[in-house]
Amino acid sequence: MVKKRNFLFFFISALVAVLIFVVIFLITSENILQSPGNKEVSINGIGSSLEKTNVQLKGSLAIIIIDDFENRISETVYYIQIEESDGLKEYQLIFKKGKEPGGISGQEIDAIGKLEGEKFFVEEYNLYTPLKDPNINIGAIGVQKTAVILYNDRTHKDERLTKEEVWHKVFNLSYNQSINSYIKEISYNKTWLEGDVFGVYTLPCDARKRDPPCYSGGWEGREAIMDIADPDIYFPNYSRIIAIPVNICCVGFSTIGKSIVQTEDGRVFLSYLKVGWADIDRGTGSHEFGHSLGVMHANDYECGEKVVEDNCETLEYGDGFDQMGQCFDIKHCGHFNPVHKEFLGFFDNFTLMKIEDDGIYRIVPYELLSNNLQVLKIPVTYILNWHENSSYFYLYYRQPIGFDSRYSNLSGVMINIDSTLVYYGRRDGKSRLLDFSPHSDNEVPQREDSNDVVLRKGERYVNDRYGFSIEVLEENGEYAEVSIQGL
Ligand SMILES: [Zn+2]
């Protein structure tokens, strides 16, 4: 009897110990759930497991992307904007590597971490989707009221541009390399720019000494540039700012979508980009404007000798057909790919279709407004956190039309994928072009390899993992016909 009681006591004690251990493990383990689709997600352990020195911030994101085309790298910088009684507070968010949220400016975020000066080191976060008001945050359809601000540093103060020259490169629809011409065409006339040119303003700094805002003109520099223009501009009349350093150099950068900007005229929701004067009509202006509208880069997905697998390399700017990639030319590259066009709302319901059944589908080139089908979304499903999720292959027919005129030898269809397929639910906003003539890196230089990507007439691609096949039955410049089986 005594032995039995001892055993029972020991057993219960052990059980309690195990339970305590499990509870402690659960509340201290780092467990950030990325947003699957449009659902709101939660963090385990907020407020219970963290050191008292850690603080919680809740606000909206301002995301800035800085382009370094030469070295084919880009830097994404995140800020949290917090409404406080004494004004708008802003801190730079430093995420752990691989835990960056992607997303778009204006998204609500709840973060726990350590504040050091103006920087906030994020331990855990919760990103809320969808946007509270997509029309405000993105608003990529219709007129884009744009204020162009010209500025110089004090060493270049005598160098001038006429407002007509600037208006021509940014707004003139009769000039086929203007930002407006590009945006209007790729949006099927759904989006266009209207606005005004202000300046040239002289900033009291020296670009040669790399004084911000003259040299970098980064996000921190916008205040000085907007302040100096503020007496002439009523900012609530605009939703887009294009800052142009007339003769000081520079990388291009833009916000991803719109964020809150404090002006003398009150708080305004604006996108803000900077592009050098020489680069505006070389495609860089339209690239940065694409970021302002809300899209990230058009990349290449490189799986060696395979078309698509898990964990392949993503080459930044690697989609050489797309203005959000890089085509290394002094003129514009081609149209945004369908992943980005769909995000911006450029397609009509009948031109882009999510297919559900096996069959033969006919699509027409996707460059011009059409009454016919232009893009097929081929569904793939995967399991994330025990839930079934969907992603898509975007199949389309790029032909030498309009801003795609340079691509005269594309005799097949192209496919891009969304990042949700690569990261199992996480959206980094970057599209990835698949290569249907893949080589290993030593056979063909990567850039050349990525120029030859189409699935040609007569070719059949079988995706073992998701169990479907795509065969191109016909391709003649007017349309392409594909057979999709095994869905
Ligand atoms: Zn970029």
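## Basis of the description

Helices (H or I, at least four residues) and strands (E, at least two) are DSSP runs, numbered from the N terminus. The model is predicted: local features need pLDDT of at least 70 and side-chain atom pairs count only at pLDDT 80 or more, while totals for chains, interfaces and linings use all residues. Residue numbers start from 1 along each chain as its sequence is written.

An open sheet is built from four strands in the order 15-23-22-21, with antiparallel pairing; two strands count as paired if DSSP finds at least two bridges between them. Strand 15 (359-363) and strand 21 (460-463) are the edge strands, and each has a single partner, so one side of each has no neighbour in the sheet. From one strand to the next, the twist averages 20 degrees (axes are lines fitted to C-alpha atoms, for helices over the stretch in contact, with angles from 0 to 180 degrees between N-to-C directions). Strands of a sheet pair through backbone hydrogen bonds, in either a parallel or an antiparallel arrangement.

Strand 15 and strand 23 are joined by five bridges in the antiparallel sense. Within this pair, Ile363 has Ala480 of strand 23 as its bridge partner. Ala480 of strand 23 also stands opposite Glu475.

## The two hairpins

Strand 21 and strand 22 run antiparallel and are joined by four bridges. Val462 faces Ser469 of strand 22. The hairpin of these strands has four residues between them, and Gly467 there takes a positive phi near 70 degrees.

Strand 22 (residues 468-475) pairs with strand 23 (residues 480-485) over six bridges, again in the antiparallel sense. Glu471 is bridged to Ser483 of strand 23, and Glu474 is bridged to Glu481 of strand 23. In the hairpin of strand 22 and strand 23 there are four residues between the strands, with Gly477 at a positive phi near 90 degrees.

## The buried side of helix 3

Helix 3 (residues 163-170) has Val166, Lys169 and Val170 as its buried residues. Here a residue is buried if 20 or more other C-beta atoms lie within 10 Å of its own, exposed if 12 or fewer, and partly exposed in between, with C-beta atoms placed from the backbone.

Contact between two residues requires C-beta atoms, placed from the backbone, within 7 Å of each other.

## Backbone exceptions

Most residues other than glycine have a negative phi, and most peptide bonds are trans. The peptide bond from Gly199 to Val200 is cis, with omega near 20 degrees. Val200 belongs to strand 7.

Asn189, in the loop between helix 4 and strand 7, has a positive phi near 65 degrees and is not a glycine. Asn189 counts as exposed because it has 12 C-beta neighbours inside 10 Å. Tyr317, also not a glycine, has a positive phi of about 65 degrees. The loop that holds Tyr317 runs between strand 13 (313-315) and helix 7 (338-344). Tyr317 counts as buried because 24 C-beta neighbours lie inside 10 Å.

Thr146 is part of strand 6 and is buried, with 24 other C-beta atoms within 10 Å. Leaving aside residues up to four places away in sequence, Thr146 touches Leu193, Glu194, Gly195, Tyr238, Arg240 and Ile242. Tyr238 is 92 residues from Thr146 along the chain, and their C-alpha atoms are separated by 5.6 Å.

Glu75 lies in strand 2 (residues 73-84). Glu75 is exposed, with 11 other C-beta atoms within 10 Å. From C-alpha to C-alpha, Glu75 and Phe253 are 9.4 Å apart in space, and they are 178 residues apart in sequence.
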